[in-house]
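Here is my note on this model, written as numbered points for you to follow along. Please keep the structure open beside it and look up each element as you meet its name.

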Amino acid sequence: MYYIGVDLGGTNISTGLVNEKGEIICKASAKTLGSREPSEIAKDMAQTVLEVIKNGGISEDEVHSVGIGVPGCVDNKQGKVIYTSNMNFSGFNLVPEMQKYINKPVFMANDANCAALGETVNGAAKGHSNVILITIGTGIGGGFVYDTKIYTGFNDAAMEVGHMTINAEGKKCNCGRLGCWERYASANGLIELTEEFMKENENTLMHELAEKTGHVSGRTSFDAARAGDEVAIKVVDKYAFYLGAGLANLINIFQPEMIIVGGGISHEGDFLLDRVREYIKTNTYGYGMIPNTVIEKAVLENDAGIIGAAFIGK
């Protein structure tokens, strides 16, 4: 039996045919063009599903189900997208629309939850049943696999972890709250932190690196820190403090077996995560006296969302 996963992104629709082991057999993609009518986007999504069936050399009868990772909140009972911010899908009955083209069960989940499930099925957390994944980009997304199933809350809107407060009198977030975790520990937060240190310190390698690339990026402080720049090391340490603060909260609440860190920042690997692990040691309840959460880098990258989406209905 095979499963099909669709990762609906703001830029691209990425679809994969997945086997029982969680391995992607083949892929298809299309441009999202999110300003279009949702029915047009759904039609293109369905076409990518039909394409992977054809390219995989199987029949539709061999497909168990289709899963869709959506960047927002969904209602599987109604087959409706409740809210998504980067395309015109809010309130759209996506499942019935997809089933105009595909005579198979169709399921939906938040895209970060799909990524968490994907890493659990065949990624960094394979073999574990209670796993949190955070994705660090413009914001911070989160997914929680509890007892091998995606945890969504009663309203399918759980794990908006980027908007937990780590500084109640801190910087204002786009959501309206003060001191949200993503305001400090997202890629944008890291860039802002880097710029703050650069303004206060003219003699830092970070200026030279930013001039070469034409801008300050999430890599600026890390590249300079690896080269031994003392100011950049302070930036990295401060960023690890902010990232660790949120992760410690998640551990204290959920005590998952693993936390997987994904997104571009995760490519910094143990240079970042070792600092975070040190923070966790002194900022989580009962550390060293109870089994401790393992923190690792995501390994599937963009494939995680496809694999996880495919397994929603398994």
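1. Begin with strands β9 (residues 140-146) and β10, which pair in the antiparallel sense over 2 bridges. Two strands count as paired if DSSP finds at least two bridges between them. Helices (H or I, at least four residues) and strands (E, at least two) are DSSP runs, numbered from the N terminus. In β10, Lys149 is the bridge partner of Tyr146.

2. A word on where this comes from: the model is predicted, so to speak of local features a pLDDT of at least 70 is needed, side-chain atom pairs count only at pLDDT 80 or more, and totals for chains, interfaces and linings use all residues. Residues are numbered from 1 along each chain as its sequence is written, and side-chain values use heavy atoms, with hydrogens and water left out.

3. Now place that pair in its sheet. The strand order is β10-β9-β8-β11-β12, an open sheet of 5 strands with mixed pairing. Because β10 and β12 (294-297) stand at the edges and have a single partner strand each, one side of each is left without a neighbour in the sheet. Helix α8 packs on this sheet, touching β8 (131-136), β9, β11 (258-263) and β12, where contact means heavy atoms within 4.5 Å. The direction of α8 makes about 155° with that of β8; axes are lines fitted to C-alpha atoms, for helices over the stretch in contact, and angles run from 0 to 180 degrees between N-to-C directions. Helix α9 (residues 270-283) lies across β11 and β12, running at about 165° to β12.

4. A nonpolar core is a set of buried Ala, Val, Leu, Ile, Met, Phe, Trp, Tyr and Cys residues joined through side-chain atoms within 4.5 Å; buried means under 20% relative accessible area, exposed over 50%, and partly exposed in between (1.4 Å probe, protein chains only). This core has 46 residues, and Ile134, Trp181, Tyr239, Leu243 and Leu247 touch the most other members. Beyond its neighbours within four places in sequence, Leu243 is in contact with Ile134, Ile136, Trp181, Ala185, Leu272 and Val276. Another core, of 30 residues, lies apart from it and includes Phe89, Met98, Val106 and Met108. In soluble globular proteins, nonpolar side chains tend to be buried together.

5. Strand β4 (residues 63-70) pairs with β7 in the parallel sense over 5 bridges, and Ile68 has Met108 as its bridge partner in β7.

6. Is Ala310 buried or exposed? Ala310, found in helix α10, is buried, with a relative accessible area of 1%. Not counting residues up to four places away in sequence, Ala310 touches Tyr3, Ile4, Gly5, Val18 and Ser65. Strands β1 and β4 pair in the parallel sense over 6 bridges, and 7 of the 8 residues of β4 are buried.

7. Finally, visit the second largest pocket. It is lined by 21 residues, of which Leu117, Thr148, Lys149, Ile150 and Phe311 lie nearest its centre. A pocket, on a 1 Å grid over the protein atoms alone, is an open set of points with protein on both sides within 12 Å along at least five of seven lines, and lining residues have an atom within 4 Å of a point. Helix α3 gives the most to this lining, with 4 residues.

Definitions and conventions
On a 1 Å grid over the protein atoms alone, a cavity is a set of points where a 1.4 Å probe fits but cannot get out, and a pocket is an open set with protein on both sides within 12 Å along at least five of seven lines; lining residues have an atom within 4 Å of a point.
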